[in-house]
Amino acid sequence: MDLRSDTVTKPCERMRAAIASAEVGDDVYQEDPTVNKLEALAAEILGKQTSVFVSSGTQSNLLAMLSHCHRGDEYIVGNQAHVYKYEGGGAAALGGIQANPLPMEPNGTMDLERLSEAIRPDDPHFAKTRLICLENTFSGYVLPKNYPSAVKKIGSASKLSLHLDGARLFNAAVSVDSTAESLSRPFDTVSFCLSKGLGAPVGSILAGPSVLINKARRWRKVVGGGMRQAGILAAAGIYALKNNINRLKEDHEKANEICDILLKTFGEETASCATNMVHLNLSTNLYNGLADHLRMAGVTVGRPRWVMHQDIRAKDVRKLTKLIRSFKY
Ligand SMILES: *Cc1c(COP(=O)(O)O)cnc(C)c1O
């Protein structure tokens, strides 16, 4: 049992069968029929004009930044956002694009007044503010319903673009009984991962208007992300979009169940649950003891954030429940 991340899922038999029978071609010539089908399907699901299949979420966000911004431009972003903090500074390293990071609330929002003030006036002293990036879900938390459109309103007044790092966008959509299309509407470009809760082995999608996605396709080649018979991978993505979106609800239920057990065992405010993630709030000593206890029973945990996914079965939840209850501290 591996609770470190939802990236650890392995393709199921039926997904492997889809991979094995995929029709392929050379995708750099845009001649891979399975990649073309995935890109069309993903664009349709998000309600965007077109999309491009890329190797990872990090690459998808990077291509978005390179397509929206020029050298010397600036983007506004939360200071805990994945694109700013966990992607190796790619936009700065490869695009000469600088961040204007703002403090974030635990739910992934930035204060709207601060955001508005962070937009630079048109003056040669300043970098040109070009883009705002949001993230949904953020550490499992879903952005408040009207927040993205409020940000869009502020951004549009200064002609800024809006990008969504929606690595776990479908977790957000199913948890608030909405659709990925509806949650994507305020954004010019949207990125999501096929390789997390959706259960595909590799890949992300960047969707948006064709003017931007054509630029992104060009940058994808430049950064070495042009793949050839990538239909082998895209077939898994199509399978994931057709079969694994509604299933995410089960991951949220499992997270809820485990969170309840933790609260009953360790007391109030020792755990909280957000979509498919359980955040543990135990002292370092207590957490390390619990992690060792679990590890001895074959459960891998990392940070005090446990992530539910398709490879955690009902019997695993029962086993985990027993292990938590039997932990002596
Ligand atoms: C995982 C993740 C990414 C990056 O995806 P990779 O495929 O691991 O590069 C980007 N943003 C968020 C919020 C993520 O959770």
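1. Basis. The model is predicted, with local features requiring pLDDT of at least 70 and side-chain atom pairs counted only at pLDDT 80 or more, while totals for chains, interfaces and linings use all residues. Residues are numbered from 1 along each chain as its sequence is written, and side-chain values use heavy atoms, with hydrogens and water left out.

2. Seven strands form an open sheet in the order 1-7-6-5-4-2-3, with mixed pairing; strands (E, at least two residues) and helices (H or I, at least four) are DSSP runs numbered from the N terminus, and two strands pair if DSSP finds at least two bridges between them. At the edges stand strand 1 (50-54) and strand 3 (98-102), each of which pairs on one side only. From one strand to the next the twist averages 20 degrees, where axes are lines fitted to C-alpha atoms, for helices over the stretch in contact, and angles run from 0 to 180 degrees between N-to-C directions.

3. Helix 7 (residues 147-157) lies across strand 4 (128-135) and strand 5 (161-165), running at about 180 degrees to strand 4. Ser-158 is placed in the loop between helix 7 and strand 5, and its relative accessible area of 36% makes it partly exposed, given that buried means under 20%, exposed over 50% and partly exposed in between (1.4 Å probe, protein chains only). The C-alpha atom of Ser-158 is separated by 9.5 Å from that of Ser-116, 42 residues apart along the chain.

4. Helix 3. The 12 residues of helix 3 (residues 57-68) reach 17 Å from first C-alpha to last, close to the 16 Å expected at 1.5 Å a residue, the expected span being 1.5 Å times one less than the number of residues. Because 11 of those 12 residues are buried, helix 3 is largely enclosed by the rest of the structure; among the buried ones are Gly-57, Asn-61 and His-68.

5. The largest pocket. About 660 Å³ of space lies in the largest pocket, a pocket being, on a 1 Å grid over the protein atoms alone, an open set of points with protein on both sides within 12 Å along at least five of seven lines, whereas a cavity is a set where a 1.4 Å probe fits but cannot get out, and lining residues have an atom within 4 Å of a point. Of the 32 residues lining the largest pocket, His-82, Glu-135, Arg-168, Arg-303 and Arg-305 lie nearest its centre. Helix 3 gives the largest share of this lining, three residues.

6. Cavities. The structure holds two cavities of 30 Å³ or more, and the largest cavity contains about 40 Å³ of space. Its lining includes Arg-168, Phe-170, Cys-193 and Leu-248, and helix 8 (residues 169-175) supplies the largest share, three residues.

7. Asp-316. This residue lies in helix 14 (residues 314-325) and counts as buried at 12% relative accessibility. Leaving aside neighbours within four places in sequence, Asp-316 is in contact with Met-1 and Asp-311.

Conventions. Contact = heavy atoms within 4.5 Å. Points joined across faces, edges and corners; volume = space filled by probe spheres on them.
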